[in-house]
Amino acid sequence: MTLLGPSGCGKTTFLKIVGGLIGATSGTIQINGTDVTEPHEDFGVVFQQANLMPWRTILDNVLFPMEIIGRTGAAATQRARTLLAQVGLEGFEKAYPSQLSGGMQQRAALCRALIHEPKLLLMDEPFGALDELTRMEMQELLLGIRERTGATTLFVTHSISEAIYISDAVVVFSKRPAVIADYIEVDLPYPRSAEIRYSARFTELEHRAGRALGITR
Amino acid sequence: MMPRKFENAVYPLAGVAVIIVAWEIYIHAFGISRIVLPSPTDIYHASVENWRTLVAQSWPTFLESVLGFGLAVVVGIPIAVCVANSRILNLTLYPILIATQSVPKVAIAPIVLVWFGLGMQSKLVIAFLVAFFPMVVDTAAGMRATPPGLLELARSLRASRLQIFLKVQFPAALPFVFAGAKVAVTLAVIGAVIGEFVGSVNGLGNLLLAANSQLDSPLAWAALLWLSVLGILLFAAVVIAERLLMPWAGTGH
């Protein structure tokens, strides 16, 4: 599920409320019938910036959540190595973040969000700071990870094509004061690959999102 | 082209060599009295002839500086942590810190001497007093400069305050801590020498003063040279500690 909307419309704020990072001024967020008022162990968060700790190696950065929740050990380390290998960072376990490119850092951040096997993955414009090609690679990666882990993903972006490519459903936010302008069920088949971006149905869905955002008529 | 490492060593040494040679030529060309300004060779001879005295007198100054600096680190860092994490403590302590800092240390040295005597304690206290402030200010600045993204990440994992401090804030502040320590360690040597000037029975500052009063300028300059070497060695020790404790620094592209 993706939240799509212009900058400053409150997508990130909404994501943070869902994650329990900030409180809602009114209303409540419920997940499986329980109110969310604070962060939960079942959540994994990926931010716009990789937010890696420069003093930790990549492996130790990925293991950081396990340290906090007290689940360190050989199994955790093995899982971290497997995750890093899955995102193509094999061999960089002992490297420091400053030695990695932006895309590699963000991949490590993705591993860190997944290390404690969260049931809900919250992603706040995680690929926003990356170049177009890296971004597309990351989208493929995310689709693969979702397929393997089955984690529910709440994704924030302001890229229409990204929203449609990676989602089952897109919630379109309007400009401030934000209202939900449209709810688009993405009926593109899985597994998806880049070719689908050129299909008629993809363009149609892009068009619909564009209309909801007030960009196209 | 010369290799970079070689260049890094050659140019600073060349700079020093030029000054020494010019100095030597100036002394001989103008027949300057060695009491007014001894030549580099005079200073060298004084250092070699008196090396036992110089080593013996370096030891107390070294101890005073290192212990004063160590105390500044041990006392300064916890205070900085408190000041950075508590608004109330910040409001209470910061004005006092600034006030104590604005008192000239040379001026309170005689008072410290009255309290702690001619022995090592008084010098240690003065070294501590001058080294303390940069330690506190830089560490507190570092604690406040923790990237907000890292704090948010820690909060999203429900990290405790202690975990946030130990695993996020403190390591993030380390570069600042070391910046403060580099300033503090050089100031500690100055503090120790000020203390020795005001009243002491030994130390390089004491030796310098004694040599000066006997118009033994080469020895006074030799003491000065050893003091500089001491300062450089202590500074280098902090730099080495920094490299060991922060292996990630300097790994960038």
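1. Chain B of this predicted model is divided into domain 1 (1-32) and domain 2 (37-245), with bounds from an automatic or database domain assignment. The C-alpha centres of domain 1 and domain 2 of chain B lie 30 Å apart. In chain B, 5 residues of domain 1 are in contact with 4 residues of domain 2, contact meaning C-beta atoms, placed from the backbone, within 7 Å.

2. Residues are numbered from 1 along each chain as its sequence is written, and chains are lettered from A and ligands numbered from 1 in the order in which they are written. In this predicted model, local features need pLDDT of at least 70 and side-chain atom pairs count only at pLDDT 80 or more, while totals for chains, interfaces and linings use all residues.

3. In chain B, the axes of helix α8 (residues 161-198) and helix α10 (residues 217-245) come within 10 Å and cross at roughly 160 degrees; axes are lines fitted to C-alpha atoms over the stretch in contact, with angles from 0 to 180 degrees between N-to-C directions. Helices are DSSP runs (H or I, at least four residues) and strands likewise (E, at least two), numbered from the N terminus. α8(B) and α10(B) are therefore roughly antiparallel (over 145 degrees).

4. The contact between chains takes 19 residues from chain A and 16 residues from chain B. On the side of chain A that touches chain B, β4 (43-46) and α2 (58-69) of chain A are the elements that give two or more residues. α2(A) gives the most, with 4 residues.

Methods: Contact = placed C-beta atoms within 7 Å. Parallel < 35°, antiparallel > 145°, perpendicular 65-115°, else oblique.
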